[in-house]
Amino acid sequence: MEISGTASAILRDKSPVVSTTETDATVFSAIQLMSNKNIGALPVVDDGKLVGIISERDYTRKVILKGKSSKNTRVDEIMTRDPIVVGPDETVAECMRLMTAKRVRHLPVLEDGKMVGILSIGDLVKWIISAQEATIDQLTKYVFGE
């Protein structure tokens, strides 16, 4: 089955507000924001420009396992620099391929250098399931003549 749709189509179903953090924020404040928003990663911006991403995985591997303190560690010490990004016209299939190949769970979406949203693996899976359900519904109606 061919997967259709684009990053911008998925973003239309999401809130246009993207929570972010800055490089000089503490890891504790970033984790607290992720917890409050029930999200797994935060884009890191400086002067409105995407410079990295911090995830729960970064926290566990680069703070907890190394015995650091989240209250004394800055985001820029553990963030992933130069994150994998996509444009709004990128296909859902290509987003899935990138996430799988690069082993990432979040893709910031940039348009003309400006972040317009972020996609999670959950967003893509939800989109694909919805598309499959629509296809099944159409085929059922076709077969049974509704």
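**Note on the predicted model: helix faces, strand pairing and loop residues**

1. The face of helix H2 that is turned away from its buried side carries two exposed residues, Ser35 and Asn36. H2 spans residues 27-37, and Val27, Ala30 and Met34 are buried in it. Viewed down the axis of H2, these buried residues fall within an arc of 65°, so they line one face of the helix. The general rule behind such a pattern is that an α-helix has 3.6 residues a turn, so residues three or four places apart point the same way. The structure discussed here is a predicted model.

2. What do the buried residues of H2 pack against? Their partners are strands E1 and E2, together with helix H3 (56-64) and helix H4 (75-78). Just after H2, Asn38 adopts a positive phi of about 55°.

3. As to the overall arrangement, the protein has six helices and five strands. Read from the N terminus, the order of elements is α-α-β-β-α-α-β-α-β-β-α. The C-alpha trace spans about 65 × 35 × 25 Å along its principal axes. Of the 146 residues in the protein, 33% are buried. Among contacts between residues at least 6 apart in sequence, 56% join residues at least 24 apart.

4. Three strands form an open sheet in the order E1-E2-E3, with antiparallel pairing. E1 and E3 stand at the edges and each has a single partner strand, so one side of each is left without a neighbour in the sheet. Strand E2, residues 49-55, is mostly covered, with five of its seven residues buried.

5. The pairing of E1 (residues 41-46) with E2 is antiparallel and comprises six bridges. Within it, Val44 has Gly52 of E2 as its bridge partner, and Val45 is bridged to Leu50 of E2. The two strands form a hairpin with two residues between them, and Asp47 in the turn has a positive phi of about 50°. In general, side chains in a regular strand alternate between the two faces of the sheet.

6. Helix H5 covers residues 92-102, and its buried residues are Val92, Cys95, Leu98 and Met99. They cover an arc of only 125° around the axis, which puts them on the same side of H5. These buried residues pack against helix H1 (7-12), strand E4 (106-111), strand E5 (114-120) and helix H6 (121-144).

7. Which residue just after H5 takes a positive phi? It is Arg103, at about 55°. Arg103 lies in the loop between H5 and E4. With a relative accessibility of 65%, Arg103 is classed as exposed, because the cut-off for that class is over 50%.

8. A further positive phi, near 50°, belongs to Asp82, a residue other than glycine. Asp82 is placed in the loop between E3 and H5, and its relative accessibility of 68% makes it exposed. For context, most residues other than glycine have a negative phi. A reader checking backbone geometry may wish to view Asp82 alongside Arg103.

9. Leaving aside residues up to four places away in sequence, Ser19 touches Leu33, Lys37, Ile39, Leu42 and Pro43.

10. Two totals describe the surface and the charges. The protein exposes about 9,200 Å², of which carbon and sulfur atoms supply 50%. There are 19 positive and 20 negative side chains, and the centres of the two sets lie 8 Å apart.

Key:
Residues are numbered from 1 along each chain as its sequence is written. This is a predicted model: local features need pLDDT of at least 70, side-chain atom pairs count only at pLDDT 80 or more; totals for chains, interfaces and linings use all residues. Side-chain values use heavy atoms; hydrogens and water are left out. Buried means under 20% relative accessible area, exposed over 50%, partly exposed in between (1.4 Å probe, protein chains only). Helices (H or I, at least four residues) and strands (E, at least two) are DSSP runs, numbered from the N terminus. Two strands pair if DSSP finds at least two bridges between them. The arc is that of the directions from the helix axis to the C-beta atoms. Contact means heavy atoms within 4.5 Å. Accessible areas come from the Shrake-Rupley method with a 1.4 Å probe; for residues, only the protein chains shown count as cover. Lys and Arg count as positive and Asp and Glu as negative; His and the chain ends are not counted. The place of a charge is taken as NZ of Lys, CZ of Arg, CG of Asp or CD of Glu.
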